[in-house]
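Subject: Structure for you to look at

Hello,

Here is the structure for you to work through. Please open it next to the notes below.

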Amino acid sequence: MRILSKMTTALLLIDIQNDYFPGGNMELEGSLTASQRTREILAAFRRKNLPVVHIQHVATRPGAIFFRPDTEGVKIHANVEPLPGEVIFQKSFPNSFRGTPLLEHLRDRKIDHVVVCGMMTHMCVDATVRAAFDYGLQVTVVHEACATRSLTFQDQTIPAAQVQAAFLSALSFLYARVVRTGEFLRNLRS
């Protein structure tokens, strides 16, 4: 089964921002590797002149510790830096559709399939993928181009690799096709 078939596809890059990288205020495990995989996918979209949408989280909550306005941490990481003319939507909620013109932007361009790369898998990627599905979009998640962190629940620490696997497994059950970078790029080229 081809991933792209006859759909009108856009790349959606969610919160690939400096605070998630080493030295940032909310470092994720695997953020650098995920950004490098994302850079490969972004380059392929750019070569084919396919639409790209960057999502940038800007914290508006009092007491926020990361993605604060006017900081280095809020900036989109250099590995996926937007080119002039590429769309950037700012958000302040996990769901990239909430409070942004993302849905209208996609509908106006008759985009019916989004390819998702981003951070944090268990929060903003999850919320956005589920919302996209609910809006009737086909969704592909490139799992190597996503990153998360360890979580705690009561007295348990859940390692980042398990958080990543659990959330991607749940998304792949119904909400999205979850693929490797190489598989996605092979399908994009064909």
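The notes below go from the whole chain to one strand and then to a pocket.

This is a predicted model, in which local features need pLDDT of at least 70 and side-chain atom pairs count only at pLDDT 80 or more, while totals for chains, interfaces and linings use all residues. Residues are numbered from 1 along each chain as its sequence is written, and side-chain values use heavy atoms, with hydrogens and water left out.

The whole chain

The chain has five helices and eight strands. Here helices (H or I, at least four residues) and strands (E, at least two) are DSSP runs, numbered from the N terminus. Along the sequence their order is β-α-β-β-α-β-α-β-β-β-α-β-α. The radius of gyration, taken over C-alpha atoms, is 16 Å, close to the 16 Å from the globule rule for 190 residues, so the chain is as compact as a globular protein of that length. That rule is 2.2 Å times the number of residues to the power 0.38. Along the principal axes, the C-alpha atoms fill a box of roughly 45 × 35 × 30 Å. Of the 190 residues, 48% are buried, meaning under 20% relative accessible area with a 1.4 Å probe, protein chains only.

Strand β1

In strand β1 (residues 9–14), six of six residues are buried. Thr9, Leu11 and Leu13 lie on one side and Ala10, Leu12 and Ile14 on the other, and both faces are covered. Two strands pair if DSSP finds at least two bridges between them. β1 runs parallel to strand β4 (residues 113–119), joined by six bridges, and Ile14 stands opposite Gly118 there. With strand β2 (residues 52–57), β1 pairs in the parallel sense over four bridges, and the partner of Ile14 in β2 is Ile55. Between β1 and β2 the chain passes through helix α1 (residues 31–47), a right-handed β-α-β crossover; right-handed means that, with the strands pointing away from the viewer, the path from the first strand over the helix to the second runs clockwise.

The largest pocket

A pocket is an open set of points on a 1 Å grid where a 1.4 Å probe fits, with protein on both sides within 12 Å along at least five of seven lines; lining residues have an atom within 4 Å of a point. The largest pocket has a volume of about 310 Å³, which is the space filled by probe spheres set on the points. It is lined by 18 residues, and His57, Arg61, Phe66, Ser92 and Pro94 are the closest to its centre.

Regards

Terms used:
Buried < 20%, exposed > 50% of the residue type's maximum accessible area, 1.4 Å probe, protein only.
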